[in-house]
Amino acid sequence: MNRWMITGVMMAMSIVNASARAPEPHGKPVALYVSPDGSDASSGTTKEKPLASLAKARDLARSHAGKDAVTVHVADGMYYLPETLVFSPEDSGSAEHPIVYRAEHEGGAVLSGGSRLSLDWKPYRGGIFQAKTPEGLQIDQLFVNGAAQRMARYPNYDPNKKTAAYQGCAADAFSKERAANWADPAGGYIHAVHAHRWGGYHYRITGKDAEGNVTYEGGWQNNRQMGMHKNYRMVENIFEELDAPGEWFHRSTASTASTGSGIASGSRQAGTLYYMPEAGTDLDKASVEVVRLRHLVEFKGSAKAPVKHIRLQGFTVRHAARTFMDCREPLLRSDWAIYRGGAFLLTGTEDVSILDCEFDQVGGNAVFVNNYNRRVQVAGCHIHDAGASGVCFVGDPKAVRDPLFEYNENNDLSKIDQTPGPKTDNYPADSIVEDCLIHGIGRVERQPAGVQISMAQGITVRDVSIYDCARSGINISEGTWGGHLIEGCDVFDTVLETSDHGSFNSWGRDRFWHLRGAKSAQLPELSKLDAVETTVIRNSRWRCDHGWDIDLDDGSSNYDIYNNLLLASGLKLREGFRRHAWNNVMVNNGLHPHVWYEGNKDQVYANIMMGAHRPARIKRSNADGARVDENLFFVADEPKVKATSEKLGWDKHSIFDNPQFIDPASGDFRVKDGSPALALGFKNFPMDQFGVKKPALKKIARTPQLPTLRVANAEPRRRPRKARPARASAVQSVWLGATLQTLSGEEFSAYGVAKEDGGVVLTEVPKDSEAARGGLEEGDVVQQVNGTAVRTSDALLKACAHAESKPVTLKIVREQQAKEIALSGVK
């Protein structure tokens, strides 16, 4: 039995509802009480004489740890933590005697990493109010009546621009002309999407140079260093941009503005908060809070001395600081950099549970499970409007054999350690996120996930609803070390502000990937060195309108994908090994095979598809190593589908017919008795069990928009239709003996170039061709000729002809890296 099967059975038995997620206390019961009206001088042993702080309750519970079951009852109210609440190994319970910290009423006890301010507001100008603040106060986030407000920014925030970068962006965000109106922008921030929209970057403005250009530092938050997008940019924390309701500005050092730009003119006083309230806000009665702490709760243990058997249940968690400028650590050849921290940070734990908690507008990650952890449970939680990710499981790179970090680094077969699996146990394993509602992910950062998994093993994500994400809903950064189980999830409205990603995304840039010295025949076994156990994606619903529903990207290997409903953008499988996909329904879409290895042993069968395969950078020799057959196609354009399949040698036993869905308008894509899909081996699976199950969360959870079927004839056919003659292939051009093709559609992702940059790919470059002698290779993408952009084959040919006999400099992209090649005598 596989790890995920064992773990799944154990967790299914132990996790049914809130009371069953962790064992109830046994042994001599000890009760402690905490209340905002209490005193740490009290005994805390009765409800009438409660303690004031969880820290004091922890200290008193320590004498009982491991000997008696302890329950700390926490009354409703606000608990402003003076410092991070830390649990160490001596605070551990045991399986028989757990330590439980429980809110008296779920959500009633609020843990805050901030402070409440008492301010004397006075009018400033133009609807802006000002108030003196305590000496030395630094403000990174401001909350008014519980809602996060926005730093003064340009462009202004527009909630209706849900899929626009930062809900408002501009090419001139920090241009010299714009900055001319800023007296002192130091301390402001630049937020920018990656040049290819693969996440984002953040920078701290340091000032202006002698020419008036904005100076800044940062940009380390993305592991694919290609610079910021030229249009998708935004600045914040600029006093002169305070011009919209909900915006604020604070600086604790004195400076003077005299730019004559409307409200910007005048003097900024040290320790002054400026704020433009929303209409109807009574500032005299409003609650105004600021953030102090990055981490509210930390578990500090190790594999040798773990923190064990502690449960935190029923808390609301607020006011954790933003951490985007400390997101520096690159993950293994993925697009990510990470900050190892969150509102709750777990390091070195066993059997710790986070149950029924709400993480409300925290500035960074909500829960971060760091390095060695076993059997962590995050269940029944509501995580929303987080600055970064929801729940992260991230191990130690030192546990990885031959780790590489930068995308273009490669290992050598003769030098790598060929021992399968991890070197150490310093990584998360056998843990679960279950029955949670996660949404509004990436409010600050643009490379987050609802659940992020990296250098971990045996992580289960079950019955979780995830939506409204800047990037992926669930992301697995590498193959290290597999054995994950994703089931019963409902993931949609993802990749909202970025591109080339999926509601589920994975990479597998492991030891085998782009391995120097390895032969094609060796790669299938080498792919198992890190992806040692199969990862399963099943019984889930996915929708991504800005990428793919399920995206197994570079190197992703050893996956089973079945019983999934894909509502919009199909299944992408890029260069990897042993991906088995069966019994899935792909609405209005199908399979996207990109850059496949020879002999990959992929299997795609018994699926219902509603679109032609969309291959990119695949030749017949790559396709022959896979089984893609016995699928049902429900499409309007059979010739197109058949032509693609015939070219790849696939679908010889697939059929074209109506699957006879029961009620697609209501989301029921099961098939009726007698459906031709059943004869291919398709089996119905439940269509009403996706996502969160907890009643209180299910009541407020959104569900995805259901698609309208895009097919000409929805009536059942009497028998499968035979294919009509295939259409002719697209015409290609020849230049210097090489075959040219204008990039389109899927090919931008396959070649790793941005759509707005365009380009012409050399699909074939014979060894004796002039192109080869000039240093060009198959797969090169030409984007410029002598500095002039070329987006089509015709444009390239015209640009070269215009050069006549003069030298030609090409800007190309090779294996996703920009290069220049000089040619002479080109026509």
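**Figure 1. Asp360 and its polar partners in the predicted model.** The side chains of Asp360 and Arg318 are joined by a polar contact of 2.8 Å in this predicted model. A further polar contact, of 2.9 Å, links the side chain of Asp360 with that of Gln361. Asp360 belongs to strand E31. Its relative accessibility is 7%, so Asp360 counts as buried. Apart from residues up to four places away in sequence, Asp360 touches Thr316, Val317, Arg318, His319 and His384. Between Asp360 and His384, 24 residues apart along the chain, the C-alpha separation is 5.8 Å.

Figure 2. Strand E26 covers residues 315–318, and strand E6 covers residues 109–112. The two pair in the parallel sense over 4 bridges. Opposite Arg318 of E26 stands Ser112. Strand E31, residues 358–360, also runs parallel to E26 and is joined to E26 by 3 bridges. Here Val317 has Phe359 of E31 as its bridge partner.

**Figure 3. Phe315 and the largest nonpolar core.** Nonpolar side chains tend to be buried together in soluble globular proteins. In this model the largest nonpolar core holds 92 residues. Phe315 is one of the residues with the most contacts inside this core. Which residues does Phe315 contact, leaving aside its neighbours within four places in sequence? The contacts are Leu54, Val74, Tyr101, Arg102, Ala103, Ala109, Leu111, Asp356, Cys357 and Glu358.

Figure 4. Asn365 sits in the loop between E31 and strand E32, residues 367–374. Is Asn365 buried or exposed? Its relative accessible area is 6%, so Asn365 is buried. The side chain of Asn365 comes to 3.3 Å from the backbone oxygen of Tyr339. A polar atom of that side chain also lies 3.1 Å from the backbone nitrogen of Ser389. Not counting residues up to four places away in sequence, Asn365 touches Tyr339, Gly341, Gly342, Ala343, Ala388, Ser389 and Cys392.

**Figure 5. Gln457 in strand E39.** Strand E39 spans residues 457–462 and includes Gln457. With a relative accessibility of 5%, Gln457 counts as buried. The side chain of Gln457 reaches the backbone oxygen of Trp481 at 3.2 Å. Pro397 is 60 residues from Gln457 along the chain, and their C-alpha atoms are 14 Å apart.

**Figure 6. An open antiparallel sheet of 5 strands.** The strand order is E13-E17-E14-E15-E16, and the pairing is antiparallel. Which strands stand at the edges? These are E13, residues 153–154, and E16, residues 214–218. Each has a single partner strand, so one side of each has no neighbour in the sheet. Within the sheet, E14 (residues 189–194) and E15 (residues 200–208) pair in the antiparallel sense over 5 bridges. Val193 stands opposite Gly200 of E15.

**Figure 7. The largest cavity.** A search of the whole structure gives 7 cavities of 30 Å³ or more. The largest cavity has a volume of about 100 Å³. Its lining comprises 14 residues. Closest to the centre of the largest cavity are Trp198, Arg224, Asp500, Arg509 and Asp553.

**Figure 8. The largest pocket and its lining.** The largest pocket contains about 2000 Å³ of space. Its lining is made up of 50 residues. Pro615, Ala616, Arg617, Ile618 and Glu747 lie nearest the centre of the pocket. Which elements give two or more residues to the lining? Three are helices: H5 (620–623), H6 (638–648) and H9 (747–751). The strands are E62 (738–742) and E63 (760–764). H6 gives the most to this lining, with 5 residues.

Notes
Residues numbered from 1 in each chain as written. Predicted model: local features only at pLDDT ≥ 70, side-chain atom pairs only at ≥ 80, totals over all residues. Heavy atoms only, no water. Core = buried A, V, L, I, M, F, W, Y, C linked by side-chain atoms within 4.5 Å. Buried < 20%, exposed > 50% of the residue type's maximum accessible area, 1.4 Å probe, protein only. Contact = heavy atoms within 4.5 Å. Pairing = 2+ DSSP bridges. Polar contact = N/O pair within 3.5 Å; in protein donor to acceptor, adjacent residues only side chain to side chain. 1 Å grid on protein atoms, 1.4 Å probe; cavity = no way out; pocket = protein on both sides within 12 Å on 5 of 7 lines; lining within 4 Å. Points joined across faces, edges and corners; volume = space filled by probe spheres on them.
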